Amino acid sequence: MEQDFAYERTEWGVRIVRCYGTGSQVVVPREIEGVPVTELSAYAFAEEMEGEPPNRSGLPCICGASLEALFLPDTIRRLGRYLFYNCIHFSTLSFYSNIASMGAGAFTGCTRLSRLILHQKEGQSCLREILQDLRQSVRVDAFLPGESSLAYRLMYPEFFEEAVENTPARIISTQIHGMGLQYRNTFRNTQVVFQEYDHLFQMGKYNIDIISMIEIASARLQYPYALDGLARGEYSSCLRQHLRQAAAYFLEQEETEALQWLAEDFAETREEVELLVQAANSRGDAGALSRLLHVLHSRFPGKKKRFAL
């Protein structure tokens, strides 16, 4: 993947102005010419920007609809205003939690940004600020300092606002639908409060759609960071109740890892694993069926059933 950058020097380091390349994924370097890259300028990935810099690379600009994924280094401290304006295919952002400043409207129009890869640093975290700009369902995969394996995964449901007019009183009020905003408020001093996050599920699960329930429960159980026994029981009970729907959803989304976890670690009985096998068979997914049958026969050796595609 070939990349080039238009940039300028500031008193703090290097500010990226534009990116050029042959793909849809951008990896921002930690340094350019030995100077740390500390900032992305306003409109850097928007389709259009005022004062467009000359493109001396001969490569197409990665901006607007052409941007799909961005990977930032730990040196980035500032994100410019309207940075990703109308990047309609932008779906994955990897970043470090020590970003100190974000300009207004940075994520305007990024309706497909659904996966955040968070690398935690000591001190203040920018995660909540980013989440509050995204109203769609978002998955956060978090890595702790110095750790290479995933520490925890949190799912944040969608929410939307509706303006409601009270004509006689000439008042327009805003109503918020969905529990996504409540989940985005489970922070204290910029850090996630896991007990509050989990408590929302216990108190409000009947206000969450089944798919969101499955996503939240499976994420917390698969990566049980700071998960207490009461919350674990609530999540487990919900997921067992909707195990068939969970299998169908993970098969549809091609979430191989989650499906494998259901079969190998979550399912407690042969009947539960067989339910997963049946879901794969009904969908006609030969690869998933083969993997699940292997788990079934490994965990519960004995009489074999035939599942014909």
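1. Some ground rules to start. Residues are numbered from 1 along each chain as its sequence is written, and side-chain values use heavy atoms, with hydrogens and water left out. Because the model is predicted, local features need pLDDT of at least 70 and side-chain atom pairs count only at pLDDT 80 or more, while totals for chains, interfaces and linings use all residues.

2. On the cysteines, a search of the whole structure turns up zero disulfides (pairs of cysteine sulfur atoms within 2.5 Å). The closest cysteine sulfur to that of C61 belongs to C63, and at 3.2 Å it is too far for a bond. C126 is in no disulfide either, as its nearest cysteine sulfur, in C110, is 15 Å away.

3. C61 is partly exposed, at 24% relative accessible area, whereas C126 is buried at 2% (buried is under 20% relative accessible area, exposed over 50%, partly exposed in between, with a 1.4 Å probe and protein chains only).

4. S94 lies in strand β8, residues 92-96 (strands are DSSP runs of E, at least two residues, and helices runs of H or I, at least four, numbered from the N terminus). S94 counts as buried, at 6% relative accessibility. Beyond its neighbours within four places in sequence, S94 is in contact with L70, F71, L72, I117 and H119 (heavy atoms within 4.5 Å).

5. Finally, helix α3 spans residues 194-204, and its buried residues include F194, Y197, L200 and F201. The buried residues of α3 pack against β12, α2, β16, α4 and α5.
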